[in-house]
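User: Can you take me through this one? I'd like to start with the pockets and then look at a sheet.

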Amino acid sequence: MHTGPAYCIPIASSPKPIALMVAFPPCKINLGLNITGKRADGYHDIITCFYPVPWNDVLEILPAKDFAFSLSGEPVPGTAADNLCVRAYQVFKNEYDLRSVAIHLLKTIPMGAGLGGGSSDGAWTLRILNQLFSLSISAGQMNQHAAQLGSDCPFFLQDKPMIGTGRGDVLSPVSISLKDKFLVIVKPEVHISTAEAYAGITPRTPATDLRQVLETRHIRDWKQLLKNDFQEGLFGKFPIIEALYQKLYAFGATYVSMSGSGSSVYGIFDQEVDLKKEFEGMVYWSAYLD
């Protein structure tokens, strides 16, 4: 997985040597997701396990005379000002009076998939700027800045599995490893907004303790014990998602779940499988986890 400090590439042909910073923001899957309450601020309290996945975007940032943002690859809705990379730059620009930069984002992680690709891009923009301009911002301050961008942005400062509570921004370590498991992610041509996913959700106390399940139970037990509360409502609304869920189990997955609020569905396998032809017309990604 491409994580850790961004790569620093000197551009020797420049009249004055400058550094191009390149990073590979990963996505995540959710191992269980329980919605436990409605908050006074309009958000919901959740408990989930964020697990990093080596499906990466490519993010390049370098100092520039004027600010610029460009995008290639997968389509991203909204204006440039709405993009979390731009918003992350503005957060630091306002607080630390940064000079201008040029940002290019090569997007490979699909939007509206419950994989957190946009949140990862925003968090990694903060990480690169902190390194590029030697800001020496503390971990606590970085978390606060990331939380301004989105509830799951702080997770993408961590590079390891974490339990998320509160809005998902209160993080604690968890002893869980999917090393050498084979992960398949499938995304149908369905986009689910966060508001749509939460519509009709009734918060409740989960029947099982998520951390305990992850740390003490075998993955073969997760099907009965590890739930994503969004699935119940969204399966009925989008039968294609439930069909993917059933199909991945039929092909031998040990555990299958929707990630986040969807629409992607992932399956964890003990051995490598090649199912791309079975999901033609959909976004398909697979790899061993490390």
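User: Which residues lie nearest the centre of the second largest pocket?
Analyst: Asn34, Arg204, Lys227, Asn228 and Asp229, out of 19 residues that line the second largest pocket. Keep in mind that this is a predicted model.

User: Which elements give two or more residues to that lining?
Analyst: Those are β3, α6 (222-225) and α7 (230-237).

User: And what is the lining of the second largest pocket like by class?
Analyst: Seven residues are nonpolar, seven are polar and five are charged. The volume of this pocket is about 260 Å³.

User: OK, how much space lies in the largest pocket?
Analyst: About 1,200 Å³. Its lining has 47 residues, and Gly116, Ser119, Asp152, Thr194 and Ser261 are the ones nearest the centre.

User: Which element gives the most to that lining?
Analyst: α2, with four residues. Other elements that give two or more include β3, β4 and α1 (84-96).

User: What about classes in the largest pocket's lining?
Analyst: There are 22 polar, 18 nonpolar and seven charged residues.

User: Now the sheet. In what order do the four strands come?
Analyst: The order is β3-β4-β8-β9, in an open sheet with antiparallel pairing.

User: Why is one side of β3 and of β9 left without a neighbour?
Analyst: Because β3 (26-38) and β9 (170-173) stand at the edges of the sheet, and each has a single partner strand. From one strand to the next, the twist averages 25°.

User: How many bridges join β4 to β8?
Analyst: Three, between residues 44-56 and residues 162-165. As for cysteine 49, its bridge partner in β8 is isoleucine 163.

Note on methods. Residues are numbered from 1 along each chain as its sequence is written. This is a predicted model: local features need pLDDT of at least 70, side-chain atom pairs count only at pLDDT 80 or more; totals for chains, interfaces and linings use all residues. Side-chain values use heavy atoms; hydrogens and water are left out. Two strands pair if DSSP finds at least two bridges between them. Axes are lines fitted to C-alpha atoms, for helices over the stretch in contact, and angles run from 0 to 180 degrees between N-to-C directions. On a 1 Å grid over the protein atoms alone, a cavity is a set of points where a 1.4 Å probe fits but cannot get out, and a pocket is an open set with protein on both sides within 12 Å along at least five of seven lines; lining residues have an atom within 4 Å of a point. Grid points are joined across faces, edges and corners, and a volume is the space filled by probe spheres set on the points. Ala, Val, Leu, Ile, Met, Phe, Trp, Tyr, Cys and Pro count as nonpolar, Asp, Glu, Lys and Arg as charged, and the others, Gly among them, as polar.
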